[in-house]
Amino acid sequence: MKINNRVDRTVLVKLGQKTITVLTMSLILVLVAGLLTACGTETEVITSPEQLNREDAKIGVATDAPEFALVEERFPKAEVVYTQDLIAAFTSVAQGKMDAYVGNKLNMELAIYNGLQGVRLLDGTIGEGNVSAVAISPRTEIPDLKGKINEFLKQVKEDGTLDDMRSRWIDKRDMAMPTILEAKDPQLNLVVGTTGLSEPFTCYVNGELAGYDVELAKRFASWLGASIEFKLYDYSGIVPAAQGGDVDCVFANLYVTPEREKALEFSNPTFIVDIGVMVRDTGSQNGGGIAAFFSSVKESFEKTFLTEDRWLLFVGGIVTTLLITVLAIILGTLIGFAVYMVCRNGNRAANAITRFCIWLIEGMPVVVLLMILYYVLFERVNLSGVTVSVMAFTLIFAAAVFNMLKAGVATVGKGQMEAAYSLGYTDTKAFFNIMLPQALRHVMPTYKAQIKALIKATAVVGYVAVQDLTKMGDIVRSRTYEAFFPLIAIAVVYFILAAILIWIVNKIEVRAIPGRRPNGDDQKKG
Amino acid sequence: MIELVHLEKRYENSAPLVDVNAVINDGDVISIIGPSGTGKSTLIRCINMLERPTGGRIILDGVDICAPGYDVTKARRKMGMVFQSFNLFGHLNVIENIMQAQIDILKRPKSEAYATGMKLLRRVGLTSRETNYPDELSGGQKQRVAIARTLAMDPEVILFDEPTSALDPTMVGEVQSVIRDLANTEKTMLIVTHEMNFARAICNRVFYMDQGGIYEDGTPDQVFDNPQRDRTRRFVRRLKVLEFTIDGPDFDLAGAETEIGGYCSQNDISSRAKYRIDLTFEELTYHILQPVIERVPVQITIEYTEEEENTEITASFGGEKFDPAENGDDFSYIVLQSTVKSLSHHYDPKAEQTNTIRVLI
């Protein structure tokens, strides 16, 4: 019997080549992206808000933020652009994609203080400021949560704790999180929604959640005698999450707006946020030359990975991404295979149900499926975002595996089964000993392509409060205010993770599937 | 022994088997012949239960294998099947193809399976191909491996489903000789085939299938030389006599030549004789009868007689008298006359086909 050792070596050589390709590609990407950000174009220098009231001006505001009305009123001629997160907004202003951004002045000041370049703030504030408060889920099971929060807020205001917090987080920009006593023998568990995306209210410091709102939440839990658990969302996802009862309340510097008040209850104000205007700073743009470019690259690298051990966040994200992907691959393969086995002999009901499910799963965008599972189907069930993500991607992968098997078996043809039957094989034995080894040969290339697609597709799990690799990149970007390094790093990591998974699958393939591979050098033997 | 009792197989739109009755004794070598679409393949696929009969019974050694709850794999272990399309396992090489089922089904140790495999490969003349994969073999070699694979399971009955139909004419011989060799081993064999001479040479019984059943069952001599029933007679005659009508200038002459080729190989006509037949046919139709073909349909008959090794080509047609010696293309007529044994023209104004040209080769 022939067993090919050559395949192992080929795989290794291929992997080596792949790694080199990946590294070269990422290097080119890094250089091109760096050069692009270093260039800039000249525009009119803006010194007062009134200059922005012109027809070709684009002014950014955060999605669902009360600033929208303010901008409409103050700059009726300008076009309003919605931005997903702060870092995207700031980068857009710095790159000239937007003329200005109107929003939380504290966020902006802190960003510039922390080294955000290419932007500056206009003097003063506009409007009366935004009221932010704690949002309370209508579905919380903690009785009179709103009353308790208000009582707590009153108390911390009176005893000076709130002032102290304000002075530390806001005035002194001291990002150290004080130790807050955890409740002993907690009778309750308080689930708090936050974003981790709005410095200095809720953000990651030294790999831990910190900030004004986070401290307030911890103090409240301690005061309430409850244990505390944080869940992370985007600003666009946090209101639906609270509405659906995934969290008891939201401590995330969330502004009180009329729309939100329809969905959620709000406590008394926790903070009044000044509204500032950020514009592009053309003066600070510099050509700088190669040396300056490399030193800025070095600085970015340090900020992105080394400061506060931020690489640990990436590691955490990688672990989560891998966990979801690997579980989805294993479970999806098993389920897809099991369903195929049930449908194989043409059971009509099973086939009809399967066809319907696959039609449903494949018909909608991955992120929609994920959110339907999380926010609609399992709304009342307390399942973690990771669990729901694994479920969603398992379904997607199972559907793919089912289709692959079907196509693979069809390619091999009925004659092989008939030959096996006529030699005395039972149906099951013929399938496993004769049909499957041949079908898998056709399936494997698609299977590997699906794995690559899957690992990339998992980047949307941030929508359901999972901190995967992409989400961690967002979190780091929200501290460093740089798109460049985190994004490139994430891209490279995805390449590497995919290469590793494919390498493992290749290993298993060589071991598990007997006989000849359909393509490869070993075909020439004779 | 296999008994077929009122066997029936119906599909939604057709019924290839309506009522099949037969007793197949141990050691019988039976050729199943008949026009296409008369259920020959369906019959042997039913015997092997690859197709489930819709009615009737198949009794194998006293057991009804169509009975509900009967484990058909038991019956299949007594029977081997050789397919038209070989169906070798594509992921295994030649020797593995022969070993696999021995190991999986008969639980033979690898060494024994290998020894059996090599013995059978020697028997079909393919020891040198032991480690080749099926796609590296010619059609004839694949079919010989498939036969070896079937034999490795020690079947009592071997079913051949048109074993040489998918082969190049040059490879038919090697497979036939392997099957001929098997016919002397007391194994029961059922062979669906279109190769009549081959069928005649190796079998002791012939099933002529038509009208949804075994229309005539007899010895080869009876069925081929002295058929008892009408349809059999017509079928056998069609094997010996090739007839077609050239119905105008648009007739597919090249297609007719292919048919003649098929007829020649079916009747074991030597390639020299075949060349002469082709030449005569061409001279006749392309040149001599060209003016006639444009006017009236011409009926062509080709008949080969084994004893004298003669082939007679007859062209008959209506209309006014047309003697190629007088009216036709002179040059072609002279060429034809010089190559054939005899060439004659007959005119009978009273007959339906007034002109008859006979060429004896």
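How many helices and strands does the secondary structure of chain B come to? The count is 13 helices and 15 strands. Here helices (H or I, at least four residues) and strands (E, at least two) are DSSP runs, numbered from the N terminus.

What we have here is a predicted model, so local features need pLDDT of at least 70 and side-chain atom pairs count only at pLDDT 80 or more, while totals for chains, interfaces and linings use all residues. Residues are numbered from 1 along each chain as its sequence is written, chains are lettered from A and ligands numbered from 1 in the order in which they are written, and side-chain values use heavy atoms, with hydrogens and water left out.

Let's stay with chain B for a moment. Along the principal axes, its C-alpha atoms fill a box of roughly 80 × 45 × 35 Å. Chain B has 361 residues, and 54% of them are buried. Buried means under 20% relative accessible area, exposed means over 50%, and partly exposed is in between (1.4 Å probe, protein chains only).

Now for contacts, meaning heavy atoms within 4.5 Å. Take the contacts in chain B between residues at least 6 apart in sequence: 62% of these join residues at least 24 apart.

What about the surface? Chain B exposes about 16,300 Å², with 45% of that supplied by carbon and sulfur atoms. Such areas come from the Shrake-Rupley method with a 1.4 Å probe; for residues, only the protein chains shown count as cover.

B:Q211 counts as exposed because its relative accessibility is 52%.

A:D185 has a positive phi of about 45° although it is not a glycine, and it lies in the loop between α6 (161–171) and β6. Is A:D185 buried or exposed? Its relative accessibility is 66%, so A:D185 counts as exposed.

Next, follow chain A to the loop between β6 (188–194) and β7 (203–205), where you will find A:P200. A cis peptide bond joins A:E199 and A:P200, with omega about 0°.

Then there is A:D281, in the loop between β12 (275–280) and α10 (289–306) of chain A. A:D281 counts as buried because its relative accessibility is 18%. Leaving aside neighbours within four places in sequence, A:D281 is in contact with A:G118, A:V119 and A:R120.

Now a helix: A:M472 is in α17 (residues 469–480) of chain A. With 7% relative accessibility, A:M472 counts as buried. Not counting residues up to four places away in sequence, A:M472 touches A:L313, A:G317 and A:Q467.

My last stop is A:R441, in helix α16 (residues 427–457) of chain A. A:R441 is buried yet has no salt bridge, which would be a side-chain nitrogen of Lys or Arg within 4 Å of a carboxyl oxygen of Asp or Glu. How far away is the nearest side chain of opposite charge? That side chain is A:E509, 7.1 Å away. For charges, Lys and Arg count as positive and Asp and Glu as negative; His and the chain ends are not counted. The side chain of A:R441 does reach the backbone oxygen of A:P437, at 2.9 Å.

Conventions: A polar contact is a pair of N or O atoms within 3.5 Å; within protein, one must be able to donate a hydrogen and the other to accept it, and residues adjacent in sequence count only if both atoms are side-chain atoms.
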